[in-house]
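Hi,

Here is the structure I promised to pass on. Please have it open while you read, and my notes follow below.

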Amino acid sequence: MEFEEKTLSKEVIFDGVLVHLEREEVLLPNGATSVREIIRHPGAVAMIPFTNDGKMVLVRQFRKPLDRTVVEIPAGKLEGTDVDPLEAAKRELEEETHYHADKWEELITMYPTPAYLDEKFTLYIAEDLSIIENPRPLDEDEFVEVLECTYEEALALQASGEICDAKTLYALLYWQLRLKEMNENE
């Protein structure tokens, strides 16, 4: 069976600073038509930074869509000049945490909500961290608290509801598998 939907018409509903909303009329595989509302996003990066003593670096910040403070792995959107997501990840790690990582590994590229959002983000592992003496400043509308957590502390943050976003929950699952693998190799 063919699943592709052909775009018949497209209308820009909203053209914002971060997101753009489009309405598309599509031709379905069965010949019927339907409407799709799609949020266009420039893309993002996120990283799972591990300190040399095995802690994960997280950031606490207020998220207006949730109207509360949450704890997340460091992340940021791609800027218009970003060509390489890894360079954007390095910038975001420095801005949000004041850390530099000597070792980077791309873990996965994913689409968090493909039903209505085209955002693609790349997730990296960042290791061999060191503090930067004169780091890039945070964006002027960004306020974060940097945390260094053990696995148990991160699980407690998840149990309390402070860690609640998909990318950070994914990071905790990755960490769990990593710890299991390390224990099996001992």
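Let me start with two helices: α2 (residues 151-159) and α3 (residues 166-184) pack at an angle of about 145°, and their axes are 11 Å apart. Axes here are lines fitted to C-alpha atoms, for helices over the stretch in contact, and angles run from 0 to 180 degrees between N-to-C directions. Helices (H or I, at least four residues) and strands (E, at least two) are DSSP runs, numbered from the N terminus. On the α2 side, Tyr151, Ala154 and Gln158 make the contact, and α3 brings Leu169, Leu172, Trp175, Gln176 and Leu179; contact means heavy atoms within 4.5 Å.

Before going on, a word on the source: this is a predicted model, in which local features need pLDDT of at least 70 and side-chain atom pairs count only at pLDDT 80 or more, while totals for chains, interfaces and linings use all residues. Residues are numbered from 1 along each chain as its sequence is written, and side-chain values use heavy atoms, with hydrogens and water left out.

Now the sheet. It is open, has 4 strands in the order β7-β4-β9-β8, and its pairing is mixed; two strands pair if DSSP finds at least two bridges between them. β7 (75-77) and β8 (99-110) stand at the edges with a single partner strand each, so one side of each has no neighbour in the sheet. On average, neighbouring strands are turned by 25° against each other, direction ignored. Strand β4 (residues 44-49) pairs with β7 in the antiparallel sense over 3 bridges, and Ala46 stands opposite Ala75 in β7. Helix α1 (residues 85-97) packs on this sheet and touches β4, β7, β8 and β9 (121-131). Helix α3 lies across β4, β7, β8 and β9 too, running at about 65° to β9.

Which aromatic residues pair up? A search of the whole structure finds 3 aromatic pairs (ring centres within 6.5 Å, using the six-membered ring of Trp; planes under 30 degrees apart are stacked, over 60 edge-to-face, the rest tilted). One of them is Trp104 with Tyr124, edge-to-face at 6.1 Å centre to centre and 85° between the planes. Trp104 sits in β8 and Tyr124 in β9, so this pair ties together parts 20 residues apart in sequence. Tyr151 and Trp175 also pair edge-to-face, at 5.3 Å and 80°, and both are buried (under 20% relative accessible area; exposed is over 50%, partly exposed in between, with a 1.4 Å probe and protein chains only). Phe50, Tyr151 and Trp175 form one aromatic cluster.

Best wishes
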